[in-house]
Amino acid sequence: MKIFGPNSLSHFLFYLSRLCIIGSVSLIAFILISLLLRNYEIVNNQFKIGLPFFPETFIRANYQSQHIITITLSMLFFAVFFYLLSTIFKTFKAPKLFTDRAIKQLNYFALLNLIAAPLLFLTIDFFIMQKQQIGNILNYLLTFLLGIFLLFIVAIFKQGYQVQNENDLTI
């Protein structure tokens with residue numbers, strides 16, 4: 001199976017990432033609507049929301065505004081994460097790989113991981129959950145490493161774009 005181009009792995013991953021966006025947004029909407037309509041039970045200071053079509057499966061979390069805001073912000077972040085990832089896969093499934101659009105999408109994704117993700121984690125840890133120290137350092141480290149790696153990929157794509165343009169001019 002090809003990795004790039006039409007009918008490739010990138011094509012499949014594009015649709016899979018779009019499905020993840022739909023799942024994230026749907027889950028946020030379902031939780032918030034259930035909470036607004038009071039369609040939940042409270043057990044041991046946790047809300048428990050039953051999932052339709054899955055009678056034994058529940059969504060549980062502490063029934064406190066900080067936890068509800070944290071869940072909502074995290075799921076919104078993942079919706080944006082998968083949206084930007086899907087735009088990258090969309091450029092990868094095109095016949096021409098090294099394009100200005102691919103470079104822009106990779107840059108946006110790198111910035112999301114280098115700036116937005118750590119800011120979100122810090123906001124959740126210190127301002128929403130009011131923790132006294134950084135919680136899960138692994139989240140910060142992974143998003144930072146992904147962002148740095150993406151900057152390397154952006155540099156490679158810029159060079160590939162330049163070589164491709166020079167090659168197109170000589171032909």
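**View 1. Just past helix α3, Q130 takes a positive phi of about 55°.** Helix α3 covers residues 100-128 and has a kink of about 35° centred on L112. The bend at a residue is the angle between axes fitted to the seven residues ending there and the seven starting there. Helices (H or I, at least four residues) and strands (E, at least two) are DSSP runs, numbered from the N terminus. Keep in mind that this is a predicted model, where local features need pLDDT of at least 70 and side-chain atom pairs count only at pLDDT 80 or more, while totals for chains, interfaces and linings use all residues. Residues are numbered from 1 along each chain as its sequence is written, and side-chain values use heavy atoms, leaving out hydrogens and water.

**View 2. Strands β1 (residues 41-43) and β2 (residues 46-51) pair in the antiparallel sense over three bridges.** Two strands pair if DSSP finds at least two bridges between them. Look for I42, which stands opposite F47 in β2. Two residues lie between the strands of this hairpin, where N44 takes a positive phi near 55°.

**View 3. Strand β2 also pairs with β3 (residues 54-62), in the antiparallel sense over six bridges.** Here I49 stands opposite I59 in β3. This hairpin too has two residues between its strands, and F53 in the turn shows a positive phi of about 70°.

**View 4. The three strands form an open sheet in the order β1-β2-β3, with antiparallel pairing.** At the edges are β1 and β3, each pairing on one side only.
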